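Subject: Structure for you, with notes

Hello,

Here is the structure I said I would pass on. My notes follow it.

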Amino acid sequence: MHPEIQNMREVALVYLDRSGGLQKFVHDCKRYNDSKQSYAVYRFIISINPSDIAELDATLGNYILHNPLQAAQIFQSVCFIAIKTLSLIEQLETEAQISILLKPTHLPPLPSYVLSLSAYPFNYTSQRFYMAEGIVIAMGTVTKYTQGARFLCAEETCPFSEGFRYIRVHCPGATESATVRTDFVCSLCSSPLQEDMKFRVLGDKQIVEMIDAKILNALKGYSNNKSHFRIQAFTVFLRDELANKMTIGNHYRIIGIPACVQNGLQATACIEVNSIQLCKPNGPSFLSDNFKYLLSLTSSSCWRFTAVLANIFASQVVPPGTYNTLKLAILLSLVQTCEKENADYLDLLIVTSDTLVIDRLLNYSLCLLPRGIRHPPSSEIFPSVSKDKHGTGSASIQACSAVLAKGGVCYIGDLSSYKKDKLELLQSVLESRTTTVFIPGKKYGEEADQQVTISVQTNFWSFVDVDSSSKKHIQKENFLIGQMDMSLIPANLVDVFGLLIYNEFPLGRLSSPLVHHILKKAINPEAMLYKVSQQFRTQDYEEFILFAKNLHVELSSEAENLIQGYYLASRRVRRDSVHGSTLSASALKILISLSKAHTKLSLRHTVLQEDALIAILLLESSLTLKHGTSALCVAPNSVFPFDLSDENSLQQRDIYLMQCHHELLKFIAAYGPGIHINANEE
C-alpha cells in the first residue's frame with residue numbers, strides 16, 4: 001500500500017473520531033445489524049468540514065475537494081476495518097458492499113469552486129465538488145433508481161458464483177443502464193455475470209430544474225440595468241434523503257458533482273447534489289441619509305412621512321404629485337411582501353383609462369423588489385404539468401410566474417384579457433393562497449393519480465381598462481352613488497383583490513404636468529427631470545423597501561379597536577335583504593394588512609390609530625367603487641384631498657384627516673352599538 005494512502009486513512013479515522021462522525025457511524029451500523037437482514041450495499045453518509053480536515057492534513061483535504069470519488073474509497077476502507085474490528089455488522093462480507101457519500105458542509109469561497117453555466121469552459125468531466133446557486137423552476141415526481149446491485153458468476157463451479165465479490169453502486173452522473181447492465185463478465189473465468197435480483201437496493205430519485213437568480217432581472221419587464229447576459233437552466237439530481245427537500249420557486253445553494261447524462265443523441269449537463277442550503281435574502285440594515293433626514297423633518301405627524309414618500313415616488317416615470325393614492329397603495333403592497341406562510345398579502349386592482357402610464361408605473365415599481373415578475377401573456381400564471389424531458393416519462397411541475405414571484409409581486413397586466421377559466425383559477429388562488437396541480441397517473445406511468453398543492457406567496461397586481469369595459473359590455477343602469485361599472489370582471493374576483501383603485505384623472509384627460517413629462521421623456525429617456533429624482537434614487541427606494549418590509553410590527557389595542565369597530569359597523573351598514581352583508585370576511589384581514597403596511601412604511605413598530613385610519617379610508621374608497629357609498633361617505637380622494645406643494649398643504653391634510661377620524665368615530669358610535677373607542681381630545 002502506498003504510504004500516502006495509508007497516512008490519509010489514519011487522518012480520516014482521527015477526523016471521524018474528533019468530529020463525532022465515528023459515533024454516528026457506529027449508530028448507523030447498529031441499525032443495519034439489528035435488522036438481521038443481509039444487504040448488497042450498506043450506505044453511510046459522512047459529513048465533512050473541509051476547513052477542519054485541511055487543518056489536520058492538507059493532502060486529504062485537497063483529495064476530498066478535488067477527487068471526492070477516490071476520497072470516498074479512503075473512508076470506505078476505514079469504515080470496513082472499523083466494522084470488522086469492532087464486529088459492528090455481522091452480515092457484511094466484503095469492502096465493496098460499503099457505499100460512502102461525502103457531504104461537505106461548505107466549499108472554499110473561491111471562484112474556482114463556483115459553477116456557472118454561462119462561464120466557459122464548463123468542466124463537467126472533473127468530477128469534483130462545485131457550489132452553485134439558483135431558483136427551482138421545475139420539479140419532477142419522486143421515482144426509483146438502482147442504488148446498488150449484486151452480480152454472480154453464471155458458472156456454478158466458479159468461486160465467484162456466490163458471495164459478494166461483484167457489487168455495482170451508483171456513481172454521480174451514471175444512468176440506470178450504466179449501473180445495471182448485462183455485459184459484465186467474471187474476472188476469474190470470463191463467464192457472464194447475472195444480477196441477483198433479491199439483493200437489488202432501490203433508492204429515491206428526483207429531477208429538478210434550476211436557473212441562475214439573474215433570470216429574475218430578465219422577468220421584471222423594466223430595468224435600468226443595460227448589461228446582457230446568457231442564462232441557461234441546469235438539471236439537478238436529488239437522491240435518497242434529499243428527495244423532496246426542495247420547494248418549487250425557492251432559492252437554494254447546492255454543493256455537488258457535475259456530470260453529463262446521455263439521453264439518446266442528446267447530452268445534458270447536470271449536478272448530482274450532495275448538500276442543499278436554502279438562501280434567504282437579508283434586508284439592508286441601513287437607510288440613505290436623505291430618507292433619514294425626511295423622516296426627521298416629518299416627525300411631527302404620523303401621516304406626513306408616507307404622504308411625502310408617495311408624492312415623490314417614481315418621479316422617473318410620472319411627475320411628483322400625480323397618482324398619489326395609487327403610488328401610496330403600491331408602496332404599501334411592496335412592504336407587505338414576504339415568504340412566510342399566512343402572511344399579510346395586499347393585492348391591487350386598478351381601474352384606469354391611462355393603461356400606458358399605469359403599465360409603466362407598475363413596471364417601474366416591480367424593479368424595487370428582488371422578486372418582481374411581470375407575467376408574459378404567452379405563458380401560464382400558475383404551475384402546470386409536462387412530461388419530464390430526460391426520458392424518464394414521469395411528470396414535471398413547471399413553476400410559472402406566480403411561483404417565481406415568491407415573496408414579491410406578480411404583475412399580470414390587463415385582467416380583461418384573460419378568459420373565464422383563468423379568472424376563476426385566479427380567484428381560487430387569491431382566496432386560498434394555494435394552487436393544486438393534478439397529475440394523471442396513467443399518462444405519466446404512475447399507478448395512481450396525484451394532486452400536488454403548491455403555496456402561492458406573492459402579491460398580485462392587475463388593472464382593468466374602463467374603455468375596454470364600456471366597449472365590450474352593456475353598462476348597467478342601476479348604479480349606486482360612487483359605484484363603478486365592473487361588469488367586465490366577475491364580482492367575486494373583484495372582491496378578493498385587497499384594494500380596488502381608480503386613478504384620479506377624469507376619463508380621457510391627462511394632467512398638463514404628465515403630458516409634459518411624457519414628451520420630455522420621449523425626447524430624452526435618460527433625463528432627470530426633477531431634483532427629487534437625484535435626491536431619492538431608484539436604488540435608495542430599493543434599499544428603503546427591503547428595510548421596511550423586514551420590520552416586525554404589532555397592533556396596538558387602540559388601532560385594533562378602531563379596525564374592529566369600523567368592520568362591524570360597515571357589515572351592518574353594507575347589507576341588502578337578498579345577499580346579506582356585502583362586506584366580505586376577508587375585509588378584516590385587508591384592513592389589518594393595510595394598517596401594518598402603513599406602519600412599516602412609516603418605519604415604526606407599533607400600529608397606531610393613525611395607521612388604521614389610512615387603512616380604513618383606502619378600503620372604504622375601494623368598497624365605494626365596488627358597492628357604492630355608505631353612511632361613512634368618504635371623498636373619492638380622501639387620503640390625498642390636496643396637492644402637496646409645501647408644508648402648509650401637509651398641515652391642511654393633517655387637519656382634514658383628523659376630521660375624518662372624528663367622523664369615523666361618530667360612524668362607529670352610530671352603527672356599531674356596544675363598541676367603545678377611547679378618542680384623545682384635541
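How many cavities of 30 Å³ or more are there by this rule? The count comes to 3 cavities. The rule uses a 1 Å grid over the protein atoms alone: a cavity is a set of points where a 1.4 Å probe fits but cannot get out, a pocket is an open set with protein on both sides within 12 Å along at least five of seven lines, and lining residues have an atom within 4 Å of a point. Points are joined across faces, edges and corners, and a volume is the space filled by probe spheres set on them.

This is a predicted model, in which local features need pLDDT of at least 70 and side-chain atom pairs count only at pLDDT 80 or more, while totals for chains, interfaces and linings use all residues. Residues are numbered from 1 along each chain as its sequence is written, and side-chain values use heavy atoms, with hydrogens and water left out.

Cavity and pocket

The largest cavity holds about 60 Å³ of space. Its lining includes Asp495, Phe497, Ala587, Leu619 and His627. Helix H21 (609-627) gives the most to this lining, with 4 residues; helices (H or I, at least four residues) and strands (E, at least two) are DSSP runs, numbered from the N terminus. By class, the cavity lining has 5 nonpolar, 4 polar and 2 charged residues (Ala, Val, Leu, Ile, Met, Phe, Trp, Tyr, Cys and Pro count as nonpolar, Asp, Glu, Lys and Arg as charged, and the others, Gly among them, as polar).

About 860 Å³ of space lies in the largest pocket. It is lined by 31 residues, of which Thr337, Cys338, Glu339, Lys549 and Asn550 are the closest to its centre. Helix H7 (215-218), helix H18 (538-549) and H20 each give two or more residues to that lining. The classes there are 11 nonpolar, 10 polar and 10 charged.

Helix pair

H20 (residues 587-601) also meets H19 (residues 557-573): their axes come within 10 Å and cross at roughly 150 degrees. Axes are lines fitted to C-alpha atoms, for helices over the stretch in contact, and angles run from 0 to 180 degrees between N-to-C directions. Contact (heavy atoms within 4.5 Å) is made by Ile563, Tyr566 and Tyr567 of H19 with Ala587, Leu588, Leu591 and Ser595 of H20.

Sheet

An open sheet of 5 strands runs S12-S15-S18-S11-S19, with parallel pairing (two strands pair if DSSP finds at least two bridges between them). S12 (372-374) and S19 (499-502) are at the edges with a single partner strand each, so one side of each has no neighbour in the sheet. The twist averages 20 degrees from one strand to the next.

Regards
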